[in-house]
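Subject: A structure for you to look at

Hello,

Here is the structure I promised to hand over. Please open it alongside this email, and my notes follow below.

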Amino acid sequence: YADNAAAAAAGELIILCVPDSQIEPVCRDLADSGSLRADQILLHTSGANAADVLLPAKAAGVAIGALHPLQSFAGTPADAQAFAGSFFAIDGDTRAKDAAEDLALALGGRCLFIPPQDRALYHAAAVMTSNYLTALLGIAEQLAARWTPPGQALETLLPLAEATLANIRRQGTAAALTGPIARGDEATVDRHLESLPPALLPLYKELGLAALSLTADRLSSEHKAALRHLLSTPAQKEELL
């Protein structure tokens, strides 16, 4: 089909795989076209939006819902196997949720039922897990490029990243934390702060404080206080930014 309304009229389960900003306009166009029926189910695949963005279709009696695969697709062709083992964030009308659950299970996935009011928070967690991890590795790649052969900076870091993810899978985030903060090594953290470009200091400190929160009872109160002071005090070179 080259026409959305004609395609929607022929379907029982309709999935809108469009950018977030286009979900409501496309849904409204379908509703206005008269192609929707009360026996149909309409889903979107947005992570941040709840099912209510499809309300124009609900007026026609269509069951509406959201089905977001908690997985990353970076422009390469993917088949159904790419969904196996992944979670799908689902919400919406009962009939739509049932259909979304059936589809997720058929793809080898698992279901995560997110309250509509928590969709943005859920999506923020997904962005931090995927997009911001990519950004963080991009920053590390730029730092490592100083002493690695051209084009090989990321290659030197990926085994460490992959081993860390494997440790997290086996042990959880707190137990998998290693490095100077997990050891209470204030001197090394201080050397990091002295060596990093000023623009990266706020990010390093925020992540350091987040890492410190994972140490629980592994560190003495003295080590925690010293690290917290290092990571919370603006350095002179930060103040010059």
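**A pair within helix α2**

Arg 28 and Glu 24 sit four residues apart in helix α2, so about one helical turn separates them. They form a salt bridge, with 2.2 Å between the closest N and O atoms; the term stands for a side-chain nitrogen of Lys or Arg within 4 Å of a carboxyl oxygen of Asp or Glu. Arg 28 is partly exposed at 34% relative accessibility, and Glu 24 is partly exposed too, at 26%. (Buried means under 20% relative accessible area, exposed over 50%, and partly exposed in between, with a 1.4 Å probe and protein chains only.)

Before you read on, please note that this is a predicted model, in which local features need pLDDT of at least 70 and side-chain atom pairs count only at pLDDT 80 or more, while totals for chains, interfaces and linings use all residues. Residues are numbered from 1 along each chain as its sequence is written, and side-chain values use heavy atoms, leaving out hydrogens and water.

**The rest of α2**

Helix α2 covers residues 20-33, which makes 14 residues. (Helices are DSSP runs of H or I with at least four residues, strands are runs of E with at least two, and both are numbered from the N terminus.) From first C-alpha to last, α2 reaches 21 Å, close to the 20 Å expected at 1.5 Å a residue; the expected span is 1.5 Å times one less than the number of residues.

Which residues of α2 are buried? They are Ile 23, Val 26, Cys 27 and Leu 30. Seen down the axis of α2, these buried residues fall within an arc of 105°, so they line one face of the helix. (The arc is taken from the directions from the helix axis to the C-beta atoms.) Their cover includes α1 (4-10), β1 (13-16), β2 (41-44) and α3 (55-58), where contact means heavy atoms within 4.5 Å. The face turned away from the buried side carries the exposed residues Ser 21, Asp 29 and Asp 32. After α2 comes Gly 34, with a positive phi near 80°.

**Other salt bridges**

The structure holds five salt bridges. One of them joins the side chains of Asp 93 and Lys 58, at 3.0 Å from N to O. This pair links distant parts of the chain, 35 residues apart: Asp 93 is in the loop between β4 (87-92) and α4 (94-106), and Lys 58 is in helix α3. Lys 58 is partly exposed, at 38% relative accessibility. Another salt bridge pairs Asp 185 with Arg 183, whose closest N and O atoms are 3.8 Å apart. Asp 185 is partly exposed at 22%, whereas Arg 183 is exposed at 53%.

Do look at Ala 216, in the loop between α11 (201-212) and α12 (221-232). Its phi is near 50°, a positive value in a residue other than glycine.

Best wishes
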